[in-house]
Amino acid sequence: MKIILSVIAISLFVTGCATAAMQTDTGKMLVARLEEDFSSKGPATVERMLNQDEVQKLCSAYPLEMSDEQMETLQASQLKTVKYPADGNYLGEWKEGEKIAQNGRGMQSSDQVKGTNGGNCYACHQLAKEEISFGNVGPSLYRYGKLKGESEAVVKYTWAKIYNSQAFTACSNMPRFGHSEILTEKQIKDVMALLFDKNSHVNQ
Amino acid sequence: MAEPMRIRAKLNGDTVEVKVLIRHDMETGKRKDPSGKVIPPHFIKTLIAKCKEKTVLDTVMGISVSKDPFLSFKFKGGALGDKVTVTWVDNTDDTRTDEATIS
Amino acid sequence: MQVYTMFDSDEKGVQVMDQGRRNALRMASALGLVCAGSLLGPMRAFAGEWKANSFEAKGLANALKELGVDSYTMSGEVSVISAEIAENGAVVPVSVNSAIPNTEYMAILIEKNPNPLSVAFNIPEGTEAAFTTRVKMGETSNILALVKANGKWFAASKEVKVTLGGCGG
Amino acid sequence: MRLIASIFATLITMIPLQGFAGNSSTDEIAKYRQLLADGNPAELWEMRGEELWKKKLGPQSVSLEQCDLGKGPGVVKGAYVELPRYFKDVNKVMDLEQRLIHCRITLQKLTPEQAVAVPFGSTGNPSDIEALVAYITAASRGMKVAVSTTHPKEQAAYELGKRFFFYRAGAHDFACATCHSKDKQRIRLQELPNLLNRTDAQNTYSTWPAYRVSQGEVRSMQHRLSDCMRQQRFPEPRYASDTITALIMFMAKNAEGGVYDAPALKR
């Protein structure tokens with residue numbers, strides 16, 4: 001992850017190096033423009049775009065100059081948001097998980113408000129071998145359960161990673177599926193089963 | 001209402017290569033609009049190309065030809081300056097004829 | 001979801017033409033037919049008559065039956081050229097050609113489409129048995145090039161995978 | 001120039017995160033695109049656009065032939081590769097679509113509502129703007145992208161666009177940069193251009209607008225970015241807004257020197 005951060009940081013080194021004051025001005029101008037130019041539609045609201053939370057604010061900066069300490073602080077604060085399943089049961093139905101992994105719908109201006117959202121895992125990850133249309137923004141998760149085992153630590157880490165990816169990688173590209181209420185607890189269980197179930201085609 | 005086609009006819013040795021682009025929705029009749037109403041079928045059924053009164057292509061099409069159809073074919077017997085005429089007729093009996101000069 | 005389906009409206013939704021435009025279309029077509037008639041001379045110029053039975057036949061076996069094909073031979077002299085993976089099933093480029101002498105007819109069929117027959121060419125003398133066009137595919141399927149030459153039927157086929165694409169919506 | 005140089009310097013040190021990239025799949029996709037390259041339906045939009053450019057419209061029956069796209073009234077050739085640009089008559093930076101709307105209002109005396117009617121076409125409801133855009137952009141084929149950022153307002157638009165490029169927000173925490181600031185990334189099988197890498201930026205910018213086979217329409221840059229906003233889980237941008245123009249400015253500047261080759265044909 002640090003490699004990525006430094007790539008962005010260095011590639012954003014701009015001629016002349018904008019001063020902090022200029023940055024703030026551009027930032028204010030941007031918010032004013034966005035407010036005027038966008039309108040809420042479906043589940044995608046202007047408020048949500050304008051009101052960045054801590055993660056979004058920090059991770060929008062360029063160049064992205066975060067010290068290890070700052071990153072750890074951010075990660076720790078995000079880890080606190082993770083809610084583990086109340087019944088202690090982490091795994092649902094892997095076949096349902098596959099459907100969620102395939103589904104890219106949800107939270108777009110063209111979607112229904114409070115509709116069922118997908119996880120769109122295949123957009124960025126390889127999972128089952130049969131699905132050849134997968135992205136490479138995230139690492140391959142093929143044989144995830146088989147390779148990582150099913151220890152409590154691994155299962156809890158994986159849950160937390162899906163719930164709030166920022167808990168482990170500050171400014172990760174991955175959405176915070178639980179924290180941002182993209183997927184329900186049941187849906188996350190199903191995706192977990194897709195990753196860990198021995199019968200899941202991810203582990204074949 | 002039908003819009004003009006884009007036809008290119010190019011002589012290569014003794015063979016004329018013809019490329020035809022047609023503005024047509026090629027609606028299958030199996031899709032629904034957002035309100036759930038079936039969109040009626042609207043597609044080209046026949047397409048004929050002629051050169052100097054001789055038919056050089058004779059085609060029948062169904063709903064599974066793509067929107068804004070593209071077709072290319074080759075024939076012998078055309079000369080520089082000759083005209084290639086293409087005519088299509090769709091399922092609503094709408095039709096369009098355009099021509100291109102062999103270059 | 002970017003996969004093409006023949007039964008759903010596309011992602012942006014589709015407007016049904018308003019009545020005014022429909023009427024205008026009908027009028028234009030009435031006029032157009034007159035023009036076409038005079039240009040083409042007798043209507044028998046359409047040697048390839050559009051037959052509902054063959055285009056509306058469901059499943060490959062029925063479509064072949066409607067085309068009058070009892071049996072066919074797979075032939076190395078017939079070819080189907082396309083990409084192995086289509087980014088979008090709504091537009092799949094396909095070229096078919098036949099090196100069999102006296103090829104008089106060629107058709108493109110998409111095995112797994114609800115109505116497999118897509119397009120057919122009657123080939124006049126002097127025209128090459130080689131065509132390029134674009135077809136819709138509902139799902140991953142074989143594309144079959146069917147050829148009639150000297151009264152016999154030949155074919156070649158190629159599988160094209162239709163993939164999901166884009167950011168999922 | 002230093003921006004680009006530093007990107008390249010950095011890229012050398014970058015370790016590809018993915019070994020397996022399904023190379024045969026991407027090769028076949030490349031073949032698919034190549035097979036489609038011949039016979040682009042966008043030509044039909046270009047033809048209609050040329051007609052519309054010359055067509056007398058509005059209460060005073062005026063064509064767009066005297067519209068100043070930046071290179072003087074009526075000059076279409078090469079206009080697009082220099083857009084967006086600062087226009088003195090309105091004292092602001094405009095992209096092609098904003099300028100077209102401006103001409104439709106000031107020259108043809110259309111009402112603002114008429115001027116922006118049907119910005120994006122659909123089956124049975126074609127867009128005049130998309131056709132005009134196809135015609136005008138085609139007249140820059142073979143020319144190099146050369147936008148100016150010398151005017152302070154052009155520079156400000158560029159800076160605003162850049163700022164927006166990195167702005168993370170919404171349900172999924174996405175920014176443009178989430179998907180478009182690294183080399184050789186894919187969503188599913190679609191390659192994601194790194195818009196901070198000059199070659200990628202050039203290849204991308206020089207091939208829009210495009211006939212999209214998934215939609216059966218020629219789509220303009222405003223449409224492309226509007227759809228990015230949707231997929232980014234952002235709300236809907238007003239058509240031809242200054243935010244989107246600023247983003248276009250940022251992309252165009254990054255693509256400087258790219259040989260323009262559109263309208264193209266895309267998925």
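The following legends describe close-up views of a predicted model.

Local features are reported at pLDDT of at least 70 and side-chain atom pairs at pLDDT 80 or more, while totals for chains, interfaces and linings use all residues; side-chain values use heavy atoms, without hydrogens and water. Residues are numbered from 1 along each chain as its sequence is written, and chains are lettered from A in the order in which they are written.

**View 1. Chain D contains 11 helices and 8 strands.** Helices (H or I, at least four residues) and strands (E, at least two) are DSSP runs, numbered from the N terminus. The radius of gyration of chain D, taken over C-alpha atoms, is 19 Å, close to the 18 Å of the globule rule for 267 residues, so chain D is as compact as a globular protein of that length. That rule is 2.2 Å times the number of residues to the power 0.38. The C-alpha trace of chain D spans about 65 × 40 × 40 Å along its principal axes. Of the 267 residues in chain D, 64% are buried (under 20% relative accessible area, 1.4 Å probe, protein chains only).

**View 2. Strands of chain D form an open, mixed sheet in the order β6-β5-β8.** Two strands pair if DSSP finds at least two bridges between them. Strands β6 (217-219) and β8 (264-266) of chain D are at the edges with a single partner strand each, so one side of each lacks a neighbour in the sheet. Neighbouring strands of this sheet are turned by 35° against each other on average, direction ignored. β5 (residues 210-212) of chain D pairs with β8(D) in the parallel sense over 3 bridges, and A210(D) lies opposite A264(D).

**View 3. An open antiparallel sheet of 6 strands has the order β1(B)-β2(B)-β5(B)-β7(C)-β4(C)-β2(C).** The twist from one strand to the next averages 15°. Within chain C, β4 (residues 92-98) and β7 (residues 130-135) run antiparallel and are joined by 6 bridges; P93(C) stands opposite R134(C) in β7(C). Helix α3 (residues 42-54) of chain D packs on the sheet, touching β1 and β2 (15-21) of chain B.

**View 4. Helices α6 (residues 94-102) and α10 (residues 185-196) of chain A cross at roughly 105°.** Their axes, lines fitted to C-alpha atoms over the stretch in contact, with angles from 0 to 180 degrees between N-to-C directions, come within 7 Å. The helices α6(A) and α10(A) are therefore roughly perpendicular (65 to 115 degrees). Residues in contact (heavy atoms within 4.5 Å) include W94(A) and I100(A) of α6(A) and V191(A) and L194(A) of α10(A).

How values were computed
Buried < 20%, exposed > 50% of the residue type's maximum accessible area, 1.4 Å probe, protein only. Parallel < 35°, antiparallel > 145°, perpendicular 65-115°, else oblique.
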